[in-house]
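Here is a short briefing to read with the structure open beside you. Take it topic by topic, and turn the model as you go.

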Amino acid sequence: MSFATPPGWYPDAGTPGTERWWDGTAWTAHTRPSAAAHPAPHEPAHPPTAPPPPRGGSRTRVLAITLSSLLVLGAAVTAAILLGPDDSGTRAAPGPTAPGPAPTAPATSATPSSEDSPDGDPGVLVDQLNGITLAVPDGWEKPENTSDDAPTIRTAVSYDCPGTSASFCYRGTVSTRSARAGQSDPKAIAEADITTAADKAYEEDVLGRRTHGGITSHQVLKAEPVAVAGRTGYLVRWRVVTAKGPGGVVQSVAFPSTVGSETPVIVRLAFDADRPELPVSLMDTITRSIRPVGDSATSGGVGSSIGP
């Protein structure tokens with residue numbers, strides 16, 4: 001027996017993006033997402049003319065019949081399972097079940113566990129955007145939130161700022177960030193950023209409060225090329241004198257990123273001056289610990305802790 005249109009999957013005019021099964025004589029209740037771009041092996045790549053679109057009454061009647069069948073079959077299966085084996089030790093065979101959707105693989109997270117990710121290591125600061133890590137000194141912390149929303153580490157204990165009792169300060173801070181668009185020369189970036197680094201640490205906070213009474217003068221301690229994370233960068237270090245408190249030492253380091261378009265990275269460091277737990281040499285140690293994300297083969301960086 002032949003059909004004007006053979007059985008198969010055809011576009012459902014009533015539901016765009018969906019195909020419905022034509023059994024050769026009428027539309028059925030079975031549908032699936034459109035697979036026109038990837039025909040199944042048993043289906044023709046170019047099916048014959050599709051049958052007329054399903055009419056509301058026919059489609060509703062098919063769906064009602066199918067739903068009734070599923071309810072009856074479901075009740076039979078449930079009864080067979082609940083009754084269990086009969087006295088003869090045999091179990092009633094369940095009736096056929098309606099075809100269900102193809103099983104899908106359980107969802108897996110693309111995020112590594114805290115045990116495998118450097119983000120979960122308290123001894124490592126990770127800047128995923130710029131593709132670097134650096135070691136967290138002993139006694140320092142990684143705050144969840146900062147005023148400028150930059151990856152930051154700082155000494156764990158705060159104190160009342162000498163310039164205002166309405167704010168609190170930290171003895172040491174380190175933060176990372178991307179250079180502004182269009183900047184590419186590490187030397188020019190570091191020389192321009194050191195002023196910003198000093199102002200944010202010792203001039204005034206985000207609310208305009210002069211936490212150390214303002215900077216009265218500064219002295220250049222170092223300005224030279226430096227190797228950072230396998231790249232050639234530039235380092236500028238100042239000693240700043242403030243109207244109140246001991247002042248501090250600030251440093252800006254700029255170097256090309258190892259990821260993406262290699263937009264330069266800036267690492268800012270600020271230590272209160274004359275603190276035995278914060279020698280200037282610790283700035284060099286932290287700078288040497290900077291590594292590309294995933295590089296743990298050398299000293300410093302992922303998995304390392306450093307002291308003063």
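**Around R268**

R268 touches T173, V174, S175, R177, D193, T196, A197, K200, Q251 and S252, leaving out residues up to four places away in sequence. Please keep in mind that this is a predicted model. The chain behind it has 308 residues, of which 36% count as buried.

- R268 sits in strand β14.
- With a relative accessibility of 11%, R268 counts as buried, because the cut-off for buried is under 20%.
- Its side chain makes a polar contact with the side chain of D193, at 2.6 Å.

**The chain as a whole**

- The protein chain holds three helices and 16 strands.
- Among contacts in the chain with a separation of 6 or more, 51% are between residues 24 or more positions apart.

**The largest pocket**

- How much space lies in the largest pocket? The value is about 860 Å³.
- The pocket is lined by 32 residues, and those closest to its centre are S147, T173, K200, A201 and D205.
- Two or more lining residues come from each of β7 (152-155), β9 (168-170), β10 (172-178), α2 (186-203) and β14 (264-272).
- Sorted by class, the lining has 11 nonpolar, 10 polar and 11 charged residues.
- Two of the residues closest to the pocket centre, T173 and K200, are also among those that R268 touches.

**E203 in helix α2**

- E203 belongs to helix α2.
- Is E203 buried or exposed? E203 is buried, at a relative accessible area of 17%.
- The side chain of E203 makes a polar contact with the side chain of R210, at 2.6 Å.
- Beyond residues up to four places away in sequence, E203 touches A198, R209, R210, T211, G214 and I215.

- G213 is found in the loop between α2 and β11 (215-228).
- The relative accessibility of G213 is 23%, so this glycine counts as partly exposed.
- Which residues does G213 contact, leaving aside neighbours within four places in sequence? They are G163, A243 and K244.
- G213 and C161 are 52 residues apart along the chain, and their C-alpha atoms are separated by 9.3 Å.

**G8 in strand β1**

- G8 has its place in strand β1, which covers residues 8-11.
- At a relative accessible area of 8%, G8 is buried.
- Setting aside neighbours within four places in sequence, G8 is in contact with R20, W21 and W22.
- The C-alpha atoms of G8 and D23 are separated by 6.7 Å, and the two residues are 15 residues apart along the chain.

**One face of helix α3**

- Which residues of helix α3 (residues 281-288) are buried? They are L282, M283, I286 and T287.
- Viewed down the axis of α3, these buried residues fall within an arc of 140 degrees, so they line one face of the helix.
- An α-helix has 3.6 residues a turn, so residues three or four places apart point the same way.

Technical notes. Residues are numbered from 1 along each chain as its sequence is written. This is a predicted model: local features need pLDDT of at least 70, side-chain atom pairs count only at pLDDT 80 or more; totals for chains, interfaces and linings use all residues. Side-chain values use heavy atoms; hydrogens and water are left out. On a 1 Å grid over the protein atoms alone, a cavity is a set of points where a 1.4 Å probe fits but cannot get out, and a pocket is an open set with protein on both sides within 12 Å along at least five of seven lines; lining residues have an atom within 4 Å of a point. Grid points are joined across faces, edges and corners, and a volume is the space filled by probe spheres set on the points. Helices (H or I, at least four residues) and strands (E, at least two) are DSSP runs, numbered from the N terminus. Ala, Val, Leu, Ile, Met, Phe, Trp, Tyr, Cys and Pro count as nonpolar, Asp, Glu, Lys and Arg as charged, and the others, Gly among them, as polar. Buried means under 20% relative accessible area, exposed over 50%, partly exposed in between (1.4 Å probe, protein chains only). A polar contact is a pair of N or O atoms within 3.5 Å; within protein, one must be able to donate a hydrogen and the other to accept it, and residues adjacent in sequence count only if both atoms are side-chain atoms. Contact means heavy atoms within 4.5 Å. The arc is that of the directions from the helix axis to the C-beta atoms.
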